[in-house]
Amino acid sequence: AELVARAVAPVKPAFLCPPPVAVVKVEKKSKRQLKRERQQEQKSTSHLCIEVGKSGNVDSCKYGTSCHFSHDINAYLSQKPADLEGTCPFCPYGLTCRFLSTHKEGNCERNPLSKEIQKLLWKSKYKFPKASAQIKLLGLEPRASKKSKDLITIPHLREKKIIDFREKLYLAPLTTVGNLPFRRLCKTLGADVTCGEMAMCTNLLQGQASEWALLRRHPSEDLFGVQICGPYPDTVARTVELVDNECSVDFIDINMGCPIDIVVNKGAGSSLLTKPMRIRSIVQAASTVTEKPLTVKVRTAFFEGRNRADSLVSDIYNWGASAITIHGRSRQQRYSKLADWDYIYQCAQKAPDYLHVIGNGDVFSFTDWNKHVSDCSKISTCMIARGALIKPWLFTEIKEQRHWDITSGERLNILKDFVRFGLEHWGSDFKGVETTRHFLLEWLSYTCRYIPVGLLDVIPQRLNWRPPSYYGRDDLETLMVSDSAADWIRISEMLLGKVPEGFTFAPKHKSNAYDRAENG
């Protein structure tokens, strides 16, 4: 009881071990140094031209001798790492495939960005007739007349396709780790609804390939949405029309809760919670350019103690949203302290009958999910975020209503599935293997926080518990619970072979920043 009160995980004494010795931090390389190294790598024979690699013909590259990459096939093959164990997961990489002896081609993913559409976006020649008309009707253009505001017509939501979110297991859109292979893995473990990583509207409108990659959809994602983020009604409306025209999605979610500084400083994400009229304009403009359901994700407020979400739920349905997700923390709070579910319930009680209210925050067991859904009948379902990162088999636990004391072998099989999905998505050439390794390591920086059920004196584990140093029930489990990046790399080598010489890794996410001055 004392440990739980201090948010320390009550691991059984028999498994406790002394804390690890502090590791000396390695100095980060400067951006200039990293750029110089990338340029040197490009010129080396290890970086074979993509077109030459695909065809096996040195004359296939249209850039010829001016190409930045190597065309020396023999030199490339002489230094190419040995093939990985297993079979090729269907890829277009030809000679560069790390499963060359079993190479097969193909790809079944949806929502690619075509070169034709990308060129139109680059040249600002893509047409947005619906968005332009609605922005004008809403009086949001400088030369729009005031009388035009009386002409606003928002299609009734009953005319749109309706998604019933009630009691569906909803995997939250998760930056970095919520990639297509991870979502595909969660589908195999029981997730019903998936949503792509947050994509910035401006980047999508500019045709940035890296941003469009966030909209990719796997055929197994049978109920799939994309999440976009932007500060202005015209930007968001045009993006919604673009996605509606060019992508296969079931719903479009607008992020109004992102706490990241770079997003907030642009007036997007949780910054919009300080501008309710801007929220109204964005939802009205976006909802009129698509027949697909439009959903919105918010936090309780921007500043701690100044809750705003309850003032939105009563009107946001009339503005055009069919669902609202409420994360039970303020922007200032980031991910620290527990989510305020009592406030989420208050918001749900104020919502009109047709509006789906989805709660979000700290769901980490089937008992958490059961409690939140049963405590307030107006809550349609719970969105699962960090809980899924730490233990993606949470979806299985909820569906089977049990605390799964998963073994290290079963966890390793889940990691193997992720790696297979990653190679199918990012490719099985050298770059694809290392990209899969990078995202695997990012994910392992979360999964190491899971404490096996059989090691706890009190179950279920809470999301805010800090694990002490402890041993697992076998060597593999001990390796999996380690918070050392060196051990995560060892796990990656079990699945993807040896890391390249000089390889280092530091996790991208630092979630808790509650006490920073710039956050108020």
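A residue is called buried when its relative accessible area is under 20%, exposed when that area is over 50%, and partly exposed in between, using a 1.4 Å probe and protein chains only. By that rule T194, at 0% relative accessibility, counts as buried.

Before going further, please note that this is a predicted model, in which local features need pLDDT of at least 70, side-chain atom pairs count only at pLDDT 80 or more, and totals for chains, interfaces and linings use all residues. Residues are numbered from 1 along each chain as its sequence is written, and side-chain values use heavy atoms, leaving out hydrogens and water.

**Around T194**

T194 belongs to strand 2 (residues 194-195); helices (H or I, at least four residues) and strands (E, at least two) are DSSP runs numbered from the N terminus. Leaving aside residues up to four places away in sequence, T194 touches L171, R183, K187, E221, L223, F224, G225 and F251, where contact means heavy atoms within 4.5 Å.

**Two helix pairs**

Two packed helices are described by the angle between their axes and the distance between the axes. Here the axes are lines fitted to C-alpha atoms over the stretch in contact, and angles run from 0 to 180 degrees between N-to-C directions.

Helix 10 (residues 233-246) packs against helix 12 (residues 276-287) at about 25 degrees, with the axes 8 Å apart. That makes helix 10 roughly parallel to helix 12, a label for angles under 35 degrees.

For helix 19 (residues 408-426) and helix 22 (residues 485-496), the axes come within 10 Å and cross at roughly 65 degrees. In this pair, L412, L415, K416, V419 and L423 of helix 19 meet I491, M494, L495 and L496 of helix 22.

**Helix 20**

Helix 20 (residues 430-447) has 18 residues and reaches 25 Å from first to last C-alpha, close to the expected 26 Å; the expected span is 1.5 Å times one less than the number of residues. Of its 18 residues, 14 are buried, so helix 20 is mostly covered.

**Backbone features in loops**

| Residue | Backbone feature | Loop |
|---|---|---|
| Q401 | phi about 55 degrees | between helix 18 (394-400) and helix 19 |
| P460 | cis bond from I459, omega near 0 degrees | between helix 20 and helix 21 (475-480) |

N111 is buried, with a relative accessible area of 4%, whereas Q401, at 39%, counts as partly exposed.

Conventions
Parallel < 35°, antiparallel > 145°, perpendicular 65-115°, else oblique.
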